[in-house]
Amino acid sequence: MALVPNIAWTDTETTDLDENKGKITEIAIVVTRQDLSIVSTFNRVVHFDKFDFVEGVYDSFQENPINALCLFTKEEVKKGVKNHISKWSLENFTRNGLLEEMHSSTYTFEQVVEDAIEFMRSMPNCLLGGFSPHFDRAWLRKHAPKLERC
């Protein structure tokens, strides 16, 4: 009898729908057996050091300038880099508490990716599952290619 693989249900939270414009803010993975009983879980939120409202950022849904929240990592604060967050993400992350979690998290994006890779390597061979695995995979391919290949 062939070994039936587990399923790695992935979910990424992002600052935009376009992986070329936004950043990954959270990676979650739930590994289940085929009967959907949980084998193990992983969840990490990326730390953003500072939140700042700025004018003239484009909302990717309407391509209109809006007052928007920009996110900064410590390294980007030093460089003066501002990261776009869409209006939808801002509203939802505020409502669901993710924005505050991003501020209080201690994980860099690189740490989140390395921890996720380590987690996936500790799991038996898995099939990728999720609500929108094509979306998550596109983001991982762009921002965390080593994880996307796990």
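Predicted model: local features only at pLDDT ≥ 70, side-chain atom pairs only at ≥ 80, totals over all residues.
Staying with H2 for a moment, the helix covers residues 87-96, and among its residues Ser 89, Leu 90, Asn 92 and Phe 93 are buried.

Now to the sheet, which is open and made of four strands in the order E3-E2-E1-E6, with mixed pairing. The strands at the edges are E3 and E6, the latter being residues 126-129, and each of these two pairs on one side only. From one strand to the next, the twist averages 20°. If we look at one pairing in detail, E2, which is residues 24-32, runs antiparallel to E3, and the two are joined over seven bridges; one place to look is Thr 32, whose bridge partner in E3 is Ile 38.

Which helix, then, packs on this sheet, and which strands does it touch? It is H4, which touches E1 (residues 6-14), E2, E3 and E6, and whose direction makes about 170° with that of E3.

That brings me to the aromatic side chains, for which a search of the whole structure finds two pairs. In one of them, the rings of Phe 42 and Phe 119 have their centres 5.5 Å apart and their planes at 35°; because stacked pairs have planes under 30 degrees apart and edge-to-face pairs over 60, this one counts as tilted. Why does this pair tie together parts that are 77 residues apart in sequence? The reason is that Phe 42 lies in strand E3, residues 38-45, whereas Phe 119 lies in helix H4, residues 109-121. Both partners are buried: Phe 42 has a relative accessibility of 6%, and Phe 119 has one of 10%, where the cut-off for buried is under 20%.

The other pair is formed by Phe 135 and Trp 139, and this pair is also tilted, with 5.9 Å from centre to centre and 45° between the planes. Here both residues belong to helix H5, residues 133-143, and because they are four residues apart, about one helical turn separates them. As a general point, an α-helix has 3.6 residues a turn, so residues three or four places apart point the same way. Trp 139, finally, is buried, with a relative accessible area of 0%.

Key. Residues numbered from 1 in each chain as written. Heavy atoms only, no water. Phe/Tyr/Trp six-rings, centres within 6.5 Å; stacked < 30°, edge-to-face > 60°. Buried < 20%, exposed > 50% of the residue type's maximum accessible area, 1.4 Å probe, protein only. Pairing = 2+ DSSP bridges. Axes fitted to C-alpha atoms, helices over the stretch in contact; angles between N-to-C directions. Contact = heavy atoms within 4.5 Å.
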